[in-house]
Amino acid sequence: MELADTLRPDGDPKGGVLAHLERLETRMHRSRKKLEEPQTVQAEESALVTEIQKLRRLRDKLRAEVKRRQAGFGLLHILQVKASTANVEPDQTWEITEQEVLERKWENLKAVLQAYRFTGLSGKLTSRGVCVCISTAFEGNLLDSYFMDLIVQKPLRIHRHSVPVFIPLEELSAKYLETNIQHFLFTLCEYLNAYSGRKYQADRLQSDFAAFLAGPLQRNSLCNLLSFTYKVEPRGQSFPLCARLLYKDLTRTLPTDVTVTYQGMDALSTSWEEQRASQENLFRTKPLHHVFTSFARKGEMLDMSLVS
């Protein structure tokens, strides 16, 4: 009797139907998984291809950056090599041989100097050292170029140059010329590029937006202090605004301190004060000529009738 309760007539254990159903469900799950595998693999392959393409682009970008920097350091390497061989004695045979090897290297590096021209700093070997050319640019516009003759001997010194007198060249050379020629050249490039950028903005203001000014643009030789009066005509009213832009950091092309005031108005309404603060922020965050372009684009047309 006990045996009959645990076995079915076909000999399967009790509950065999449920076990068989579970086996069928397991087989169905496996079959479905096998069907889904090609789609999963395809999705994974697509993701891997995308990642590979992304890494290849990053690799190409890094390679280009390495080549650019290698080209840049070519000039610095020449200066350092010349400085190290400046005091070679002609009767020392092994030093003469080394100098001949270095001269052959200089010939090979001439191509590097030519390539480095695209970064704004280039050089040409001279009988006494190197003539360095610093080409400045702003927003993709090539501006002025400055030259400096370096006599490579101990101590390394500047023979002549065309750097403006208001650029702190003597201070920079005293700090870095002997100890870190690379930092000296790169810092000098920063000063010259920033000066050219500030001058470019002031020139554009005078040439492209002269009719918008209610008076002459005042600037110093370094172009790190600009002041001018301009007019806008919001809501049918016109008030002259006075702007004062100060560039404390001489390596920057955007002002560090900006003051905009309404001429002849002591108290301002909330809306006028908001507009004044907004224009201060524009001058602080955008190049000068871009600010006036944004005024025109937004319909804040300047009062042409008040311009003499």
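## Cysteines

Cys 133 is buried, with a relative accessible area of 10%, whereas Cys 131 is partly exposed at 22%. Buried means under 20% relative accessible area, exposed over 50%, and partly exposed in between (1.4 Å probe, protein chains only). The structure is a predicted model, in which local features need pLDDT of at least 70 and side-chain atom pairs count only at pLDDT 80 or more, while totals for chains, interfaces and linings use all residues. Residues are numbered from 1 along each chain as its sequence is written, and side-chain values use heavy atoms, with hydrogens and water left out.

The structure holds zero disulfides, a disulfide being a pair of cysteine sulfur atoms within 2.5 Å. The sulfur of Cys 131 has its closest cysteine sulfur in Cys 133, 7.4 Å away, which is too far for a bond. Cys 133 is likewise in no disulfide, and its nearest cysteine sulfur is that of Cys 131.

## Strands β3 and β4

Strand β3 (residues 141-151) and strand β4 (residues 157-161) run antiparallel and are joined by four bridges. Two strands pair if DSSP finds at least two bridges between them. Helices (H or I, at least four residues) and strands (E, at least two) are DSSP runs, numbered from the N terminus.

The two strands β3 and β4 form a hairpin, with five residues between them. Met 148 has His 161, in β4, as its bridge partner.

## Helix α4

Helix α4 (residues 169-177) has Leu 169, Leu 172 and Leu 177 buried. Viewed down the axis of α4, its buried residues fall within an arc of 85°, so they line one face of the helix. The arc is that of the directions from the helix axis to the C-beta atoms. Glu 170 and Ala 174 are exposed, on the face of α4 turned away from its buried side.

## Surface patch

Leu 55, Leu 58 and Leu 62 make a nonpolar surface patch of about 280 Å². Leu 62 has its place in helix α2 (residues 16-84). Patches are made of residues with over 30% relative accessible area and no salt bridge; like charges are joined within 9 Å, and nonpolar side chains (Val, Leu, Ile, Met, Phe, Trp, Tyr) within 5 Å. A salt bridge is a side-chain nitrogen of Lys or Arg within 4 Å of a carboxyl oxygen of Asp or Glu. Accessible areas come from the Shrake-Rupley method with a 1.4 Å probe, and for residues only the protein chains shown count as cover.

## Asn 281

Asn 281 lies in helix α6 (residues 270-285) and is partly exposed, with a relative accessible area of 40%. Asn 281 and Val 260 are 21 residues apart in sequence; from C-alpha to C-alpha they are 9.7 Å apart in space.
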